[in-house]
Amino acid sequence: MPTLEFDGKQVDLDEDGYLTNLDDWSEGVASTLAEQDGLNLEDSHWEVIRFLRDYYQQYQIAPMIKILVKEIKKKMGADKGNTKYLYQLFPDGPAKQACRYAGLPKPTGCV
Amino acid sequence: MADEKTTTDSPNDVVQKLVHFEKIKPKPAELTGEINTPCISKNASFDWKVQLLADKDQLNHLGYPADGLIPNWKEVFLKKMDEMLNKYRSVRLFMDICVRCGACTDKCHNFLGTGDPYNMPVARAELMRKVYRRYFTWPGKLFGSKLVDGVDLTEEVLALWHTYYYQCTECRRCSVFCPYGIDTAEITMAAREILNSVGLVQKYLHEIVFKAQTIGNNLGMIPDAVVNALEFVQDDLQEELEIEDIRIPIDEEGAEVLFVTPSADFFASPHIESLYGYAKVFYQAGISWTMSTKASEGGNFGLFIHNYEHMKKINSRIWEAAKELKVKRVIGGECGHMWRVLSSYSNTMFGPFDHLDPKYPRPQHICEFTLDLLNRGALKIDKSANDDVVVTMHDSCQVARGMEMGGHPEGQYDIPRGVIKGVCNRFVDMPQETIKERTYCCGAGQGLLGDDMMPIRVKGAMPRMQAYSAVKKSDGVNFLALICAICKAQLSKMLPTYGFAMEEAGGVHQLVAKAIVLGAKEGV
């Protein structure tokens, strides 16, 4: 089982690098996960991550991408409210990469 | 020998080492537009394993062993196999009647993609036949494995089963070419259920069966999340179209139609685009419809493991919802195996459907519903809205080799194509040997859609990608129309892997959504 070293503690990850225990999440864990992918999390990334976490707390699942796009459009302006922008922020795709940094589980099903 | 080994390692330790999952980065094949039979490459895909399910609560709920391979696994294995052979007489027949003619050998997309001889359908089935001959025929029982070309059960045999029965997508293409009609998918399903019974349970597939049974859909969306997603789409439609009364009704008692579709249709891309299409068609048809938070999943992964009880539990939600909401008819969205379960199995499990309108005594497919409206002139269509695309259609395996659509044995080919041609000006079919009953699997059917299976997904997609690239080259095709959520997830990932744009894959009703002109309702 892979682990992440953070703050002197071992955090368990699944085979795909998602947190096994969602309570292990902290901003520091998110930054460390991103650093491992060579990504430095900036305000725009955090905006997405925070929305994903809020949505997850209410609905126990990540939002569909259209909901995320609309929210980002509302918060950050029309030029950023599109899938292309989200892929610029998270090159492996917002559904997987952003959710992983946000400490959400990987979606299952035909997706 | 086996006993000596167990003094240090338990059977479970041995098996866990043999089936250990490792991340492997796959390379796509070069695109030439041709599907060539590869040279045999022994063990080419032996290292590609599926992840095992380890969540004990989920395993307990599903009734499978929760601590890996059980100590008395051989006994349980043979007992389960005996049960399968007796319960599903087809499986026993398929054990007995193969004459090894070889007609199936080059028909499997996963063999064509990997060159691994175990992915020849006959060799895959032979993994079970060897056990069958050793333990279930009298010469095997009396004289052992050598005389009957059988095999004694060992952990190594288990590892072979686990590897290659999870490299079959149960697409049934091989069965089309078998002169005896042997359906390797049924053998794979039975093999998987035997593996489950001794504690080798696949993570992706069973997590989904668990969620479908306990939460109600494959994604595990709680009712609030389903409502939130559907309301979002409704708001978006009303805003975009400036039509206030276009709706996505949820749990509305007394509606005429219960509409069931994969939960991916209200979560993922490009699936969601078809949901816009369904809503527009229902609106324009003026037929009251409802979705259901209880039947919030069309798909049924119970089919993939030959576990009738799991399949029945998942399917029961649809028929309970239909009764509770007092609907007159049930229509299914774009989902391959949902259609097969809904049209071929529902009646045996929960029929006859006396509570439905006698005019629609069986579930209908959304394509059948839309085509009927198109043929009656009830939808106003602007085909030029789709002039940016030249469309081809990938027949989904479970639909294409299922029973029918619209009550016609070839309806599953003609009806979706009828819808596409009704809303697009340019349509071209891919080469004949790659479509309709001979269609190639997208490469991710039947529980092989997890990231763990990426190597086999990439290799197995090769025949479809070759066929697509051929019509792209000859006719400028740039849209691959689909009627299955798994195909959509797989092919929108495979297109970029093979160098095409992700947006070239999408649903048939995504095209309908673009071309339909809402408003004028005369002619309905």
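Modeller: Helices are DSSP runs of H or I with at least four residues, strands are runs of E with at least two, and both are numbered from the N terminus. This is a predicted model: local features need pLDDT of at least 70, side-chain atom pairs count only at pLDDT 80 or more, and totals for chains, interfaces and linings use all residues. Residues are numbered from 1 along each chain as its sequence is written, while chains are lettered from A and ligands numbered from 1 in the order in which they are written.

Confidence comes next. pLDDT is the predictor's confidence in each residue, from 0 to 100. Chain B has a mean pLDDT of 95. In chain B, 98% of residues reach 70 or more. For the complex, the predictor gives an ipTM of 0.92 and a pTM of 0.95.

Start with Arg417(B). Its helix is H19 of chain B, residues 411-423. A residue is buried if 20 or more other C-beta atoms lie within 10 Å of its own, exposed if 12 or fewer, and partly exposed in between, with C-beta atoms placed from the backbone. Arg417(B) has 21 other C-beta atoms within 10 Å, so Arg417(B) is buried. Glu242(B) is 175 residues from Arg417(B) in sequence. In space, their C-alpha atoms are 30 Å apart.

Two residues are in contact if their C-beta atoms, placed from the backbone, lie within 7 Å. By that rule, 35 residues of domain 1 of chain B touch 35 residues of domain 2 of chain B. On the domain 1 side, at least two residues each come from helix H3 (56-62), helix H6 (109-114), helix H10 (173-177) and H11 of chain B. Ala, Val, Leu, Ile, Met, Phe, Trp, Tyr, Cys and Pro count as nonpolar, Asp, Glu, Lys and Arg as charged, and the others, Gly among them, as polar. This domain 1 side, where domain 1 of chain B touches domain 2 of chain B, has 16 nonpolar, 13 polar and six charged residues.

Of its 15 residues, 15 are buried, so H11(B) is largely enclosed by the rest of the structure. Gly199(B) follows H11(B), and its phi is positive, near 110 degrees.

Next, backbone details in the loops. Most residues other than glycine have a negative phi, and most peptide bonds are trans. Ser269(B) and Pro270(B) are joined by a cis peptide bond, with omega about 5 degrees. Pro270(B) sits in the loop between strand S1 (257-260) and helix H14 (271-285) of chain B. Another cis bond runs from Gly351(B) to Pro352(B), with omega near -5 degrees. Pro352(B) is in the loop between helix H16 (336-350) and strand S4 (364-365) of chain B. Asn43(B), a residue other than glycine, has a positive phi near 60 degrees. Its loop runs between helix H2 (11-18) and H3 of chain B. Asn43(B) has 11 C-beta neighbours inside 10 Å and so counts as exposed.

Last, the partner. The contact between the chains takes 31 residues from chain B and 14 residues from chain A. On the chain B side, helix H12 (203-214), helix H13 (223-241) and helix H22 (485-497) of chain B are the elements that give two or more residues. H13(B) gives the largest share, five residues. The side of chain B that touches chain A has 18 nonpolar, seven polar and six charged residues.

Chain A itself has five helices and two strands. Along the sequence, the pattern of chain A is β-β-α-α-α-α-α. Buried residues make up 31% of its 111 residues. In chain A, Arg100(A) lies in helix H5, residues 94-101. Arg100(A) is buried, with 23 other C-beta atoms within 10 Å. Beyond its neighbours within four places in sequence, Arg100(A) is in contact with Gly17(A), Tyr18(A) and Leu33(A). Gly17(A) and Arg100(A) are 83 residues apart in sequence, but their C-alpha atoms are 7.4 Å apart in space.
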